[in-house]
Amino acid sequence: MSHGVRVDAATQITICCGQSEAMAATVFAVVEEGDEVVLLDPVYETYQSCIILAGGTPRYVSLNPPHWSLDFENLESAFGSKTKAIIINSPHNPTGKAFSTSELAKIATLCCKYDCLAITDEVYEHIIFDGREHVSIASFPGMQQRTIVTSSLSKTFSVTGWRIGWAVAPATISAAIGNIHVKMTDSAPAPFQEAALVALQSTTNFFTQLKQEYEERRDYVCEMLLQAGFSNFLKPEGSFFVFAELPKACPLNDVDYVAELIQGAGVAVVPGRGFFHQAADTVGQSTQFKDQSNTGEELSAEEVYDSNGATKFGELCIQNYTTRYIRVAFCKDMATLRAAKTAIQKHLALVDPDTGHKQHYSSQCSLDRPHFFT
């Protein structure tokens with residue numbers, strides 16, 4: 001591997017139909033009825049489904065906005081005798097956070113202390129910015145024998161339809177993953193596996209250019225959002241997503257905002273609520289927040305958390321800030337992003353600030369082809 005870990009290709013790698021199948025096969029291979037799996041919330045949607053189908057129970061631990069920091073006391077409180085694994089996605093979808101070496105080291109310590117596995121989703125391993133280097137938790141002391149790394153060609157080489165991914169695991173776990181894999185899909189497409197061999201031998205220059213081109217797009221979209229009134233978001237450290245809180249002045253929730261943007265500007269983004277799982281089993285955070293002055297005023301995430309991601313209140317109460325985020329993808333060509341920016345600017349000029357809706361719709365507004373999808 002390229003992350004400082006040696007593996008035996010014959011016994012430790014399973015080629016799957018994309019990372020999604022690699023994740024599913026991994027969870028089905030290691031999670032049994034009654035096991036608990038720790039997830040860091042907000043979280044990519046498919047992990048929960050795999051855990052539940054395997055008979056396990058997700059335990060959610062909140063990442064705290066705006067920097068999506070992790071409270072390690074809360075994290076440890078989610079571990080116990082039933083914990084089978086923690087799933088780590090870094091760089092992270094949807095927030096764009098890249099977990100630091102120090103954060104990964106603390107997670108590794110908990111895995112060793114509670115004798116559980118780490119399952120990673122590292123599909124954005126080569127899309128990481130500002131001089132950062134991707135670090136896999138498998139490279140930490142004591143972790144290679146308890147880590148299953150999943151990844152794929154899809155994001156790095158822009159071939160999401162090829163469905164070539166892999167799971168790298170200790171030999172005994174890898175054998176179990178392989179047995180699950182052949183019963184689900186039998187094999188990944190052979191011609192694309194041949195092409196993958198060529199892609200994986202790309203020169204360093206390819207990966208350097210990849211980062212540079214995505215950094216350019218990231219910076220462009222962040223500036224676009226600032227000009228559109230967004231201010232509370234993490235500048236992505238990796239991946240190709242910006243996870244932005246709606247402006248305070250916006251009266252709409254995420255779903256209504258997305259619908260308005262599609263109808264009014266022909267631009268499609270994703271409502272953030274689908275990534276949050278603020279249920280009763282979420283550790284370290286209640287479902288909603290409420291103004292401590294008992295006025296009932298809604299609080300934004302910026303008002304609930306300080307600059308370090310710590311809560312400003314001793315007790316957490318009511319306002320569901322999880323309906324105030326959108327995910328914007330910048331894995332598009334620059335012409336598409338420029339068109340989206342122009343369309344959004346024209347739309348905002350016609351929006352009624354009191355309602356958040358366009359005051360009138362032009363017959364020129366096309367719903368047939370939004371400028372960019374996420």
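Guide: Buried means under 20% relative accessible area, exposed over 50%, and partly exposed in between, with a 1.4 Å probe and protein chains only. This is a predicted model, where local features need pLDDT of at least 70 and side-chain atom pairs count only at pLDDT 80 or more, while totals for chains, interfaces and linings use all residues. Residues are numbered from 1 along each chain as its sequence is written, and side-chain values use heavy atoms, leaving out hydrogens and water.

Visitor: Why is K97 called buried?

Guide: The relative accessible area of K97 is 6%, and the limit is under 20%, so K97 is buried.

Visitor: What makes K97 and E103 a salt bridge?

Guide: The term requires a side-chain nitrogen of Lys or Arg within 4 Å of a carboxyl oxygen of Asp or Glu. In this pair the closest N and O atoms are 3.0 Å apart, so the pair qualifies. E103 also counts as buried, at 12% relative accessibility.

Visitor: Why is D115 called exposed?

Guide: D115 has a relative accessible area of 59%, and exposed means over 50%, so the label applies. Its salt-bridge partner is R146, at 3.2 Å from N to O. R146 is buried, at 14%.

Visitor: Why are D219 and K235 called partly exposed?

Guide: D219 has a relative accessible area of 34% and K235 one of 43%; both values lie between the two limits, so both residues are partly exposed. D219 and K235 form a salt bridge, with the closest N and O atoms 3.5 Å apart.
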